[in-house]
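Dear colleague,

Please find below the structure that I am handing over to you. A short account of the findings follows it.

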Amino acid sequence: MLRFQTLGVVSDGKVIILGALLRSKILACTTSRRLSVVDVERGEQLLAYDNCAASGRDRTGLATDPTSPNIAVSVAVNGKGLTLLDLRMPLPLDYVYDLHSSTIRDIVFLESSWPWATSSGVLSTLITAGSDGCCKVCTMDGRILHTFYSGRHLNTVCPTPEPYQGFLSNGFYSVIMSGGDKITSYVPNLGIQESFCENRDKPIWKVRYTSNGSFLYSVCEGGVVRKYRRYPDRHEYLGEVYTHKGDIQDLDISPYDEYLITASKDRTVGVLRLGAPSHGWTDYGELT
């Protein structure tokens, strides 16, 4: 089974805006501030954590630790802190209060080779994106390792997937992409290096790289999916991939780039078959 790190779902009763697929389980935040663990095959709720997540009526972050799949992090009830969970335990593991002064829109685990991760002496570090444009690199217990600002308004953050500076010999810096009123790229020790916007003043809700970092996909208000090619010094806009009838709640790509999946307010899930990792045909379909 494909293992997507995040997934958005729209249902008739409640809007579930962010989730994480853990092999055969989905972890999802709902409008009732509940964080539920659902069995994919049977559709049954296996576990629920009440009053520990921000309301699904607002876009917030949720992530699972790629090195420890039982560990998950959601945005706390007030929208400004974090809730840490061990899915083997019936109660939340810990809370981090008021990490940001604004609502946390996105959470991503940082690959362990990045400089802040190695200097912190811990295995797992996070990047959090606040709606006020502030990004923070922090540990699971809330220690802030680095802070940078990336635009006036921010909804999503995404680091390049390769080991830190792994492609530097070919001229590719490891960057942290963020999206809000525009898309920007941040390079550690150099700052903001690039800023671009093809979304016609519509908010960008999610950006994600393919597994090798060669392509970047974005979704913005209006349900448009866009594609960019990554070069050593820039990202080139390649055009629109497809469009939903409503705003896209979430976007993710399978680990080996076979599929791109989107979830929209129009109550559909878009599935784009990207083909095999190095070759293959493409196709598009929607699950309603």
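A salt bridge is counted here where a side-chain nitrogen of Lys or Arg lies within 4 Å of a carboxyl oxygen of Asp or Glu. Please note that the model is a predicted one. By this rule, it holds 12 salt bridges.

One of them joins the side chains of Glu240 and Arg226, with an N to O distance of 3.5 Å. Glu240 belongs to strand E22 (residues 235-243) and Arg226 to strand E21 (residues 224-230), and the two residues are 14 apart in the chain. Glu240 is partly exposed, at a relative accessible area of 45%, whereas Arg226 is buried, at 3%.

A second pair consists of Lys206 and Asp106, whose side chains meet at 3.6 Å, N to O. Through shared partners, salt bridges join Asp106, Lys206, Arg208 and Asp250 into one network.

Arg152 and Asp181 form a further salt bridge, with their closest N and O atoms 3.0 Å apart. Arg152 lies in the loop between strands E14 and E15, and Asp181 in the loop between strands E16 and E17, so the pair ties together parts 29 residues apart in sequence. Arg152 counts as exposed, at 72% relative accessibility; Asp181 counts as partly exposed, at 21%.

As to strands, there is an open sheet of four in the order E7-E8-E9-E10, with antiparallel pairing. Its edge strands are E7 (62-65) and E10 (94-96).

With kind regards

Methods
Residues numbered from 1 in each chain as written. Predicted model: local features only at pLDDT ≥ 70, side-chain atom pairs only at ≥ 80, totals over all residues. Heavy atoms only, no water. Pairing = 2+ DSSP bridges. Buried < 20%, exposed > 50% of the residue type's maximum accessible area, 1.4 Å probe, protein only.
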